[in-house]
Amino acid sequence: MAAEGTPRVLSTQLGQHKNRMVLLIGKVVEFQSTSTVILQTPDEGRVAVHLSQPLPVPEMNFVEVCGKVRADLAIQEVKTVGLGPQFDTKSYTVMVKLAHQHPDVFGWT
C-alpha cells in the first residue's frame, strides 16, 4: 500500500512525522462530513483524517490510512484499506513501539 520506508505510527507519534507520509490504523468512530472522519487509534488517541474520496467503510470498523501528516496532526489521506470490525490493537501497539526503537529493521532510516 505504501512506499518502502513509510513508518507505521500511533497518535502519540504524529508530531515526529509532520509533512511526512505515514501508515495509521484506527477505528472509525465518527463521520464529521463526507470528507473527514475521526479514528480512534490503538493507543486510544483520536485523529482526524481528511479523505481524498468518501470512505465506504461503516462506522466502528478498523481501517489503515496511508497519508501525509499535516501541521495540525491530522492526516491528509492518500489511500485507505478496510480491515473489518475486529483488530488486535494491543499487539499492534507493541509492534509499532518496537519498530520505532529499531527503525533500521523496518527500512525507515
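Biologist: Is N61 buried or exposed, and what's its relative accessible area?
Modeller: N61 is buried, at 14% relative accessible area. Buried means under 20%, exposed over 50% and partly exposed in between, with a 1.4 Å probe and protein chains only. Bear in mind this is a predicted model: local features need pLDDT of at least 70, side-chain atom pairs count only at pLDDT 80 or more, and totals for chains, interfaces and linings use all residues. Residues are numbered from 1 along each chain as its sequence is written, and side-chain values use heavy atoms, with hydrogens and water left out.
Biologist: Where is N61, and what does it touch?
Modeller: N61 is in the loop between strand 4 (46-50) and strand 5 (62-69); strands are DSSP runs of E, at least two residues, and helices are runs of H or I, at least four, numbered from the N terminus. Leaving out residues up to four places away in sequence, N61 touches G26, K27, V28, G84 and P85, where contact means heavy atoms within 4.5 Å.
Biologist: New topic. How many aromatic pairs are there in the whole structure?
Modeller: The search finds 2. In one, the ring centres of F62 and F87 are 5.7 Å apart with planes at 35°, so that pair is tilted. Phe, Tyr and Trp rings (six-membered ring for Trp) pair if their centres lie within 6.5 Å; planes under 30 degrees apart are stacked, over 60 edge-to-face, the rest tilted.
Biologist: Which parts does the F62 and F87 pair tie together?
Modeller: F62 lies in strand 5 and F87 in the loop between strand 6 (75-84) and helix 1 (89-101), so the pair ties together parts 25 residues apart in sequence. F87 also pairs with Y92: centres 5.5 Å apart, planes at 65°, so edge-to-face.
Biologist: Which residues make up the aromatic cluster?
Modeller: F62, F87 and Y92 form one cluster. F62 is buried at 7%, Y92 is buried at 7%, and F87 is partly exposed at 29%.
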